[in-house]
Amino acid sequence: MKVIVNDLSFQYMIYSQEEALSRCMDFIRICHEMESGRLKNVEKLILVDKINVQYEIAPGCSFMKLLQQVLPREERGYLLSVLLNRESSEEIPEETFVCDGKESRACSVARNEAVISLMSSEIFSKSSIWGKIGSEQVSLKNIGRDEHILEHRQILGKRIYHANSGKHKKERWNSYGKGKTASPMDLDDDEAQRLLDRAVEYKGRLYGMYRGKYYSFQKEQDVYYHGYINNELGDDVKMKLNTYVWE
């Protein structure tokens, strides 16, 4: 899926420069997450129309002035690239998305995708944005804060590691039933999450490789997985994993 920069969210004034800065930093963090590769269903972040960075984002302060005065240089550059230089969508519907008396071509593109919003108004604090395209009432999937990523976790392709330490002990094989032995999981939760984020799907299962060991991740429910060492993988799986750079 594609995530479209919501230009409507840059057409509201935030009540103070300090709060505007805080919300800009939140927006940057969410953009980084969209482009991190950890959300497996997100193809790209798209900019339909360039954002007006001269807009007064806080009383007496344009968006560009806020960026120049306060934000760290590397984050300022990244944010400007998102707002001015991201790849544009080639297919733009004729009808615009209308919300709160404002119109957006970008949001019409996002009808079957999702938007990423600056939290400049209460409208963008929810995980859905309601408006109209023509005479039809439309709800857009909105991502403006971390909670929205969790709410849309399935469509975004988020994976969450959940240790099954009762079955997969940290340093030893574990008998957990008659004739059944579970292999260990020697990674801590943070290491396991990072490997799960990068895990490769092959024949319907997720696998990773770390420090010369192979790992399998098994889905429990929703987007939650547990993992374990699996050096008994077939040669085809190992060959597949060996084609990637893991460290």
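Guide: A quick definition before we start: a residue counts as buried when its relative accessible area is under 20%, and as exposed when that area is over 50%. Also, keep in mind that this is a predicted model.

Visitor: What share of the residues of the protein chain count as buried?

Guide: Let's take the whole chain in first. It has eight helices and 16 strands, and its C-alpha trace spans about 70 × 45 × 30 Å along the principal axes. Out of 247 residues, the share that counts as buried is 47%.

Visitor: Do α1 and α3 pack roughly parallel or roughly perpendicular?

Guide: Helix α3 covers residues 73-84, and its axis is 10 Å from that of α1. On the α1 side the contact involves Phe27, Ile28, Cys31 and His32, while α3 brings Glu75, Tyr78, Leu79, Val82 and Leu83. The packing angle is about 70°. Angles of 65 to 115 degrees fall in one class, so α1 and α3 are roughly perpendicular.

Visitor: How many residues apart in sequence are the parts that the pair of Phe10 and Phe63 ties together?

Guide: The structure holds five aromatic pairs, and Phe10 with Phe63 is an edge-to-face one, at 5.6 Å centre to centre and 75° between the planes. Both Phe10 and Phe63 are buried. Phe10 lies in the loop between β1 (2-5) and α1, and Phe63 in helix α2 (residues 63-69), so the distance in sequence is 53 residues.

Visitor: What kind of pair do the rings of Tyr12 and Phe124 form?

Guide: Phe124 sits in the loop between β7 (114-116) and β8 (128-133), and Tyr12 in the loop between β1 and α1. The ring centres are 5.6 Å apart with the planes at 80°. Planes over 60 degrees apart settle the class, so this pair is edge-to-face.

Visitor: Which residue lies over the face of Tyr12?

Guide: The charge that we want must be within 6 Å of the ring centre. One sits at 4.8 Å from the centre of the Tyr12 ring, and that is Lys102.

Visitor: What is the phi of Lys203?

Guide: Most residues other than glycine have a negative phi. Lys203, found in the loop between β13 (200-202) and β14 (205-210), has a positive one. Lys203 is also exposed, with a relative accessible area of 65%. Its phi is near 55°.

Notes: Residues are numbered from 1 along each chain as its sequence is written. This is a predicted model: local features need pLDDT of at least 70, side-chain atom pairs count only at pLDDT 80 or more; totals for chains, interfaces and linings use all residues. Side-chain values use heavy atoms; hydrogens and water are left out. Rings of Phe, Tyr and Trp (its six-membered ring) pair if their centres lie within 6.5 Å; planes under 30 degrees apart count as stacked, over 60 as edge-to-face and the rest as tilted. Helices (H or I, at least four residues) and strands (E, at least two) are DSSP runs, numbered from the N terminus. Buried means under 20% relative accessible area, exposed over 50%, partly exposed in between (1.4 Å probe, protein chains only). A charge sits over a ring if NZ of Lys or CZ of Arg is within 6 Å of the ring centre and within 35 degrees of the ring normal. Axes are lines fitted to C-alpha atoms, for helices over the stretch in contact, and angles run from 0 to 180 degrees between N-to-C directions. Angles under 35 degrees count as roughly parallel, over 145 as roughly antiparallel, 65 to 115 as roughly perpendicular and the rest as oblique. Contact means heavy atoms within 4.5 Å.
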